[in-house]
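Dear colleague,

Please find below the structure that I am handing over to you, together with its sequence. My notes on what was found in it follow.

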Amino acid sequence: MKIDTSKNVLGKPISRVDGILKVTGQARYAAEQQFDEKPLTGWLVSSDTAIGEITQLSTDKAENAEGVHAVLTYKNAGPLKPFSKPASESRFTQSRAVLNEPHIRHFGAPVALVIADTLEQARYAASLVEYTIDAETPDLLLSPDQATTVPDSLDGGFEADVESGDSYHNKNAVSINVDYTTPSQISAAMEPHATIANFDGDKLTVYTSVQIIASAVEALAVTFELDAENIEVKSPYIGGGFGSKLGLHYDAVLACLGARYLKRPVKVVLSRRQVFYNSPHRGNSFQSMQLSCDSEGLLGGIKHHSAMPRAKGYEFAEATGAGARVTYSAEHIKSTHRIKDADIPLIDSTRSPGDAIGSLAFEAAIDELALKAGIDPLTFRIKNLPQVHPVSGKRFTTHRLGDCLQEGAQKFGWQHKAAPKKGKVIGHGVASAMRMNVLVPSAASVSIDSTGKLTVRSDMTDIGTGSYTILAQIAAGAFHTQVDNVDVQLGDSSLPTSCGSGGSFGAASTGSALMKACELLKQSLKKALEKKLPDSVGELALEGDTLVVYARDTHARDTHARDTHARDTHNEPDTHARDTHNEPDTYARDTHNEPRRFLLSELIDESEFPLTEIGEVSEDDTGDDEQYSCGAHFAEVEVDSHTGEVRLKRQYGIFSAGKILNEKTASSQIKGGMVWGAGYALTEGIHHHTDTASFINPDFGEYHIAVNRDIADVALDFLETPDYEASPIGAKGIGELGITGAGAAIANAIADATGVRVREFPITMDKVMEWLKGNNGS
């Protein structure tokens with residue numbers, strides 16, 4: 001009897017299981033959580049100086065204001081381990097101390113925390129705090145030659161400098177030597193950084209908006225020098241993070257300081273302007289590239305040099321040159337990174353770190369070289385695709401960038417003009433996207449009760465990307481039941497430790513751990529069936545409190561085996577191979593016997609419920625070969641050559657990211673990245689006051705994110721090729737793929753329309769007009 005797989009929901013574009021909770025206001029975010037006692041409200045007093053020592057501080061007026069319970073400063077906040085100590089810890093688990101010393105490290109840093117009954121009272125009292133800072137001249141990165149320090153490593157584990165092959169020498173080579181710049185940028189998620197903390201004796205409970213729960217617990221334990229077992233961190237719903245919430249920051253530590261001082265719950269929610277200064281941002285970059293090819297368009301040399309700032313005392317450097325190392329083959333590849341320690345707010349991951357801004361410059365430079373060589377930019381890219389990793393020489397587990405470029409061009413209707421026109425002109429642009437995939441240690445549990453209800457538990461977080469939904473689909477798919485038969489509990493440090501959300505590793509890592517847990521639970525159920533059905537148990541399914549048992553098909557293939565030998569010359573897996581976890585013909589069947597049905601209560605003693613199994617994954621669950629998600633971006637723009645105004649007409653992308661666990665949530669993530677890429681290309685950038693190291697535009701009034709009117713049609717497709725070498729569930733990273741290359745495709749479309757090559761992002765009207773007046777970018 002063949003199992004009915006029509007109800008298998010894994011991969012289907014089902015709506016979010018937490019959607020109703022969110023639209024009805026029942027999904028509570030960090031600042032909405034409640035303790036038995038109503039939390040007091042804390043408000044930051046922010047420094048008006050970039051760096052220096054507090055020499056005078058008066059809080060008397062604030063302390064005497066109505067409703068004020070305390071004003072915390074370095075004088076009374078209590079002991080903390082010094083900031084960024086110990087050095088042996090990672091940046092996410094080092095001390096995040098604040099208000100522990102009179103030293104101010106950057107503009108906008110907290111000088112004091114005013115705690116009152118209401119937000120209005122706290123905010124008013126904060127205005128009464130008086131202070132003086134003996135200011136020093138801040139260091140900033142203003143030119144690339146100032147960045148001389150070689151970072152120990154880059155984000156993602158990359159080496160700072162790599163070089164492969166011999167120097168390329170061809171007297172007839174076509175070459176370019178170009179410099180690109182990108183500005184500082186901010187994540188500024190819809191939900192600002194927010195925390196409510198409470199000490200109950202030695203027990204610290206923290207509701208906070210953080211992407212990785214386990215490291216948050218460690219950071220609090222280190223900062224406050226507490227036993228990690230006495231700390232509980234909860235983050236059930238997060239309104240976006242994009243890297244700025246990977247670790248804990250000032251809001252969390254300040255709330256905990258207030259709760260420790262007053263022995264009451266304290267809430268700290270950053271305002272939008274405070275988010276700009278008191279959460280991480282992306283630093284500005286200088287990228288210098290020398291590219292060359294022969295007369296046929298084959299790349300001979302790729303040199304990419306990146307110079308960026310690093311916040312003092314915070315070890316983070318972006319792998320801006322990652323794309324230059326992997327996207328195309330060349331006889332010689334050299335990628336180098338230099339940094340300068342600067343007196344600025346923390347710099348950390350901002351969506352698709354390194355790849356986002358690296359692709360802006362590198363993919364635009366590739367276009368420049370293609371045009372100088374007289375070759376269509378699409379053809380040029382396809383001509384230079386690698387067969388193996390260009391630097392390491394290792395094979396790719398899957399690599400469908402060529403398919404993305406070719407199929408994407410056909411669906412988009414690729415046209416490239418040789419000569420720009422005047423007036424309102426249309427241009428097309430293309431860019432490649434390569435994003436490293438990693439499998440991060442993670443755990444999840446699954447339980448079943450006597451009614452057949454499945455419960456999934458993990459400290460995995462959902463930052464708006466759909467973790468609740470895909471984990472429900474994985475469990476439901478494993479037991480061939482409905483999604484509403486699965487309860488998913490996330491974002492609590494008391495639950496099995498996962499990888500958290502970030503770096504495009506969450507779904508594949510925690511999803512694979514859950515898949516393993518489901519397999520273990522099925523084995524436990526099969527063991528309970530042995531006395532009733534010895535040696536004949538095949539696939540299992542759940543129908544309410546009934547376990548449906550299909551007989552084993554001894555002729556069926558091993559559903560976990562894969563033909564690792566069937567590959568074409570591009571190292572592709574056998575595209576005819578079945579997705580062994582979901583295809584109908586992989587399930588055991590017996591054409592002569594109907595499936596058997598057993599009440600769960602008949603098989604297992606009531607006292608043994610719920611049955612629970614924990615699944616885990618680690619680096620051992622993946623191979624040593626290169627794992628990358630990839631895609632191709634296409635953009636159509638209209639440029640008014642008289643005014644320099646750029647209007648997006650279309651964005652289209654096509655992507656290969658292993659198995660797609662939910663087409664709807666995956667598409668949403670990709671579209672969000674493409675919209676963000678448009679912002680990077682056309683509107684976004686933090687501007688610095690060089691004398692104070694403050695931001696000129698630390699709010700959404702002046703920091704111009706892309707809004708509805710800036711975006712036109714956004715469409716995408718997936719080329720689904722499950723990759724079981726990349727993760728046991730066959731999925732690869734997808735969250736950051738949408739932004740990688742998206743902005744470059746727009747920049748290339750502008751150049752296609754007008755001949756204008758703006759190398760200073762974002763591409764604003766004034767820059768377009770400057771080039772149109774006679775500067776051809778050479």
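In what follows, a strand is a run of at least two residues that DSSP assigns as E, and strands are numbered from the N terminus. Please keep in mind throughout that this is a predicted model.

I begin with strand 8, which spans residues 174-182. In a regular strand the side chains alternate between the two faces of the sheet. In strand 8, the covered face carries Val174, Ile176, Val178, Tyr180 and Thr182, while Ser175, Asn177, Asp179 and Thr181 make up the uncovered face. The partner of strand 8 is strand 15 (residues 285-293); the two run antiparallel and are joined by nine bridges. Within this pairing, serine 175 is placed opposite serine 292 of strand 15.

Isoleucine 302 belongs to strand 16 (residues 299-311) and is buried, its relative accessible area being 0%. Leaving aside neighbours within four places in sequence, isoleucine 302 has contacts that include Gln290, Leu291, Tyr328, Ile333 and Phe362.

Helix 4 (residues 213-224) consists of twelve residues and spans 17 Å from its first C-alpha to its last, close to the expected 16 Å. How much of helix 4 is buried? Ten of its twelve residues are, so helix 4 is largely enclosed by the rest of the structure. Among these buried residues are Ile213, Val217, Leu220 and Phe224. They pack against strand 11 (203-208), strand 12 (231-234) and helix 5 (250-262). Directly after helix 4 comes glutamate 225, which has a positive phi near 55°. In helix 16 (residues 765-772), the buried residues are Lys767, Val768, Met769 and Trp771, and these pack against strand 26 and strand 27 (646-656).

I turn next to the charged side chains. Side chains of opposite charge can pair when their charged atoms come close. A search of the whole structure gives 34 salt bridges, of which I describe several here.

Aspartate 621 and lysine 516 form a salt bridge in which the closest N and O atoms are 2.4 Å apart. Because aspartate 621 sits in the loop between strand 25 (611-617) and strand 26 (628-640), and lysine 516 in helix 12 (residues 506-529), this pair ties together parts that are 105 residues apart in sequence. Aspartate 621 is partly exposed, at 24% relative accessibility, and lysine 516 is likewise partly exposed, at 26%.

Helix 12 also supplies lysine 522. Lysine 522 forms a salt bridge with glutamate 539, with 2.8 Å between the closest N and O atoms. Glutamate 539 lies in strand 22 (residues 537-543), so the pair ties together parts that are 17 residues apart in sequence. Both glutamate 539 and lysine 522 are buried.

A further salt bridge joins the side chains of glutamate 232 and lysine 234, at 3.9 Å from N to O. Glutamate 232 is buried, with a relative accessible area of 15%.

Most residues other than glycine have a negative phi, and most peptide bonds are trans. Where are the cis peptide bonds? One joins lysine 85 and proline 86, with omega about -10°, and another joins phenylalanine 761 and proline 762, with omega about 0°. Proline 86 is in the loop between strand 3 (68-72) and strand 4 (103-104); proline 762 is in the loop between helix 15 (742-754) and helix 16.

Positive phi values near 60° are found at serine 352 and at alanine 693. Serine 352 is part of the loop between strand 17 (332-342) and helix 8 (355-372) and is buried, with a relative accessible area of 0%. Alanine 693 occupies the loop between helix 14 and strand 28 and is buried, also with a relative accessible area of 0%.

Isoleucine 705 is located in the loop between helix 14 (663-682) and strand 28 (713-718). Isoleucine 705 is partly exposed, at 36% relative accessible area. Together with Phe700 and Val707, Ile705 forms a nonpolar surface patch with about 230 Å² of accessible area.

With kind regards

Methods: Residues are numbered from 1 along each chain as its sequence is written. This is a predicted model: local features need pLDDT of at least 70, side-chain atom pairs count only at pLDDT 80 or more; totals for chains, interfaces and linings use all residues. Side-chain values use heavy atoms; hydrogens and water are left out. Buried means under 20% relative accessible area, exposed over 50%, partly exposed in between (1.4 Å probe, protein chains only). Helices (H or I, at least four residues) and strands (E, at least two) are DSSP runs, numbered from the N terminus. Two strands pair if DSSP finds at least two bridges between them. Patches are made of residues with over 30% relative accessible area and no salt bridge: like charges are joined within 9 Å, nonpolar side chains (Val, Leu, Ile, Met, Phe, Trp, Tyr) within 5 Å. Accessible areas come from the Shrake-Rupley method with a 1.4 Å probe; for residues, only the protein chains shown count as cover. A salt bridge is a side-chain nitrogen of Lys or Arg within 4 Å of a carboxyl oxygen of Asp or Glu. The expected span of a helix is 1.5 Å times one less than its number of residues. Contact means heavy atoms within 4.5 Å.
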